[in-house]
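Dear colleague,

I am handing over the structure below, and after it you will find notes on what turned up when I went through it. Please read the notes with the structure open beside you.

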Amino acid sequence: QRRVHGYCNKRISAGKPPITFKLIEVEKITNPVLEARFNECRLKFRNRGSNERITKAFHCTHPKNIHNLLTYGLLPFSHQHNSCKTQVDNGWFGDGTKGIYVSKYSSYTFKYYRSPVPTPLEPDETCKVILFNVLRGQFKKLPEKQLKADPTPGFDSHESPTGLEWYLFTPEQVCPKYVLTVQAITDLLQKADDQ
């Protein structure tokens, strides 16, 4: 909810009406190979006394990348099976060629559906966002942006200063569970409340 409010504040300050998001389709994903890889990672974390708690996070990308992502998993930029050929940025909290990015807020990721130039959704536009099971393991909260930072020894992931982004060191730390199709719509209730 907080992220949608921030999304709307930016629109309102630009003279645009507020928007909200509507879930229009849910597709359950079953990939036994990725599930086994994820479970092995969880067991590895458990055996070394690391945090093995499963949490949820989101990732959005251009539609042409979704098939490979669901087949091979969320992969670092340089991986041969990563169909994304242009990086959105150099990685604010970790090197995108050495790890992967997810967010705990779905709406934070919607702008990446237009990669390589992230642009917020406009009313009536739709995007697909992937909901993942995630193993953050031992994470290091970074105090500020650290472009192309290497994975920190002794940790399994980085967290951005605001907690919006998680940089995970290995693809095994995520497993896709659902593809959500989301539509941006003009928020008539909020607009009416403001008048």
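**Strand E8 and its partners**

Strand E1 (residues 19-28) runs antiparallel to strand E8, and 9 bridges join the two. Strands here, like helices, are DSSP runs numbered from the N terminus, a strand (E) having at least two residues and a helix (H or I) at least four, and two strands pair if DSSP finds at least two bridges between them. Within this pairing, lysine 22 has glutamine 183 of E8 as its bridge partner. Strand E4 (residues 126-135) also pairs with E8 in the antiparallel sense, over 9 bridges, and there lysine 128 stands opposite threonine 181 of E8. Strand E8 itself (residues 174-186) is mostly covered, with 10 of its 13 residues buried; buried means under 20% relative accessible area, exposed means over 50%, and partly exposed lies in between, with a 1.4 Å probe and protein chains only.

**How to read the model**

This is a predicted model, in which local features need pLDDT of at least 70 and side-chain atom pairs count only at pLDDT 80 or more, whereas totals for chains, interfaces and linings use all residues. Residues are numbered from 1 along each chain as its sequence is written, and side-chain values use heavy atoms, with hydrogens and water left out.

**The chain as a whole**

The protein chain holds 5 helices and 8 strands, which run from the N terminus in the order α-β-α-β-α-β-α-β-β-β-β-β-α. Of its 195 residues, 45% count as buried. If contact is taken as heavy atoms within 4.5 Å, then among the contacts with a separation of 6 or more, 71% come from residues 24 or more positions apart.

**Aromatic rings**

A pair of aromatic rings is described by the distance of the centres and the angle of the planes. Rings of Phe, Tyr and Trp (its six-membered ring) pair if their centres lie within 6.5 Å, and planes under 30 degrees apart count as stacked, over 60 as edge-to-face and the rest as tilted. A search of the whole structure finds 3 such pairs, one of which is the tilted pair of tyrosine 101 and tyrosine 167, at 5.1 Å centre to centre with 50° between the planes. Tyrosine 101 lies in strand E3 (residues 100-103) and tyrosine 167 in strand E7 (residues 165-168), so this pair ties together parts that are 66 residues apart in sequence. Tyrosine 101 counts as buried at 17% relative accessibility, and tyrosine 167 counts as buried at 1%. Tyr101 and Tyr167 form one aromatic cluster together with Phe169.

Which rings does arginine 136 lie over? Arginine 136 lies over the face of phenylalanine 139, at 3.8 Å from the ring centre, and over the face of tryptophan 166, at 4.1 Å from the ring centre; a charge sits over a ring if NZ of Lys or CZ of Arg is within 6 Å of the ring centre and within 35 degrees of the ring normal.

**Two residues with positive phi**

Most residues other than glycine have a negative phi. Aspartate 124, however, has a positive phi near 80°; aspartate 124 is found in the loop between helix H4 (106-109) and E4, and is exposed, with a relative accessible area of 59%. Lysine 148 has a positive phi near 55° and is found in the loop between strand E5 (139-141) and strand E6 (157-159), where lysine 148 is partly exposed, with a relative accessible area of 44%.

With best wishes
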